[in-house]
Amino acid sequence: MDETSFDKKSTEFSKNLAVDVVKKLLVFENLDSTNRTAKDLARGGAEEGTVVLAQTQSKGRGRFDRVWQSPKGGVYVSFILRPHIAPEKVSLLPIGAALVVAKTIESYGLHPTIKWPNDVRVNRKKIAGILLESEIKTDTIDFVIVGIGMNLNIDSCTLSADIRVRSTSMKSETGAEVEYYEFLRRFFKEFDEFYHRFTKQQHSKILQEWKSYSDTLGKEIRIQTSTESIQGTAFDVDQSGFLLLKTEKGEIKKILSGDCLYLDELDHT
Ligand code: BTN
């Protein structure tokens with residue numbers, strides 16, 4: 001897609017997109033990070049449903065301050081949301097976003113799985129990631145930015161060698177280019193359905209569905225945080241999406257966040 005057709009197509013797409021969760025779609029050729037732009041807009045008072053989309057990012061950000069390589073061919077999108085929920089339920093948003101991505105990918109005949117909390121994978125390789133950033137004002141949520149990066153038509157040679165071995169793209173998995181706007185249309189429709197359910201507090205249903213895609217539950221895992229490493233069997237997630245782990249000593253641990261590594265994949269994770 002050249003730049004002119006990108007401009008024309010994105011304007012057309014925005015005009016015809018009729019989903020409640022996308023009130024205003026802002027499309028850019030390049031940004032440093034859609035999350036950073038969305039955060040600036042949210043701090044400036046942008047309404048819920050403002051969505052920032054970029055064709056490339058020069059400083060895409062991942063979890064744990066990692067870099068999210070963002071060449072042309074990927075989808076880089078950030079939602080500004082202002083949900084009226086208890087702050088501890090915010091963790092269900094990236095869980096739900098992973099579900100949205102998995103369902104979108106599945107609609108292309110692939111079999112995605114989700115590694116807790118929100119890495120979407122196909123054939124054990126990462127295809128999408130989610131970065132949530134939120135700001136709280138006097139115990140209530142001011143805004144949440146749900147940033148999603150999806151490897152659509154990315155050729156692995158455009159990624160660095162370390163990322164290449166553990167990631168994949170829709171193009172690699174389906175064997176053909178996936179039409180950008182058709183993918184986005186399916187993705188926004190799924191996100192809309194999810195967000196309706198989320199605002200209606202249908203949290204258990206969302207978690208139930210998330211579990212059906214999870215490749216974490218039942219696995220021997222290691223959780224790495226900045227201060228500790230915990231090993232055990234992942235056996236469930238609670239009502240806020242926190243991971244429940246049983247250690248070798250039989251202790252039950254509740255994991256709020258951390259890097260999740262599968263022991264049987266330590267070379268690939
Ligand atoms: C992860 O580490 O798995 C999360 C990656 C999140 C990347 C997306 S791309 C769109 C948005 N903007 C960013 O800078 N990061 C997120």
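Predicted model: local features only at pLDDT ≥ 70, side-chain atom pairs only at ≥ 80, totals over all residues.
View 1. Strands S5 and S6 are antiparallel to one another, with 3 bridges between them. They make a hairpin that leaves 2 residues between the strands, and Asn123 in that turn has a positive phi of about 50 degrees.

**View 2. The S6–S7 hairpin.** Here 10 bridges link S6 and S7, again an antiparallel pairing. Look for Glu133, whose bridge partner in S7 is Ile145. The hairpin has 2 residues between its strands, and Thr138 in the turn shows a positive phi of about 40 degrees.

**View 3. Strand S4 and its partner.** S4 runs antiparallel to S5 (residues 119–122), and 3 bridges join them. Thr113 finds its bridge partner in S5 at Arg121.

**View 4. The whole sheet.** Step back and you can follow 7 strands in an open sheet with mixed pairing, in the order S1-S2-S3-S7-S6-S5-S4. Strands S1 (24–31) and S4 (113–115) are at the edges and each has a single partner strand, so one side of each lacks a neighbour in the sheet. From one strand to the next, the twist averages 20 degrees.

**View 5. Helices on the sheet.** Helix H2 (residues 34–43) packs on the sheet and touches S1, S2 (50–57), S3 (75–81), S6 (125–137) and S7 (140–150). The direction of H2 makes about 160 degrees with that of S7. Helix H3 (residues 92–106), in turn, lies across S3, S4, S5, S6 and S7, and runs at about 150 degrees to S6.

How values were computed:
Residues numbered from 1 in each chain as written. Heavy atoms only, no water. Pairing = 2+ DSSP bridges. Helix = DSSP H or I, 4+ residues; strand = E, 2+ residues; numbered from the N terminus. Axes fitted to C-alpha atoms, helices over the stretch in contact; angles between N-to-C directions. Contact = heavy atoms within 4.5 Å.
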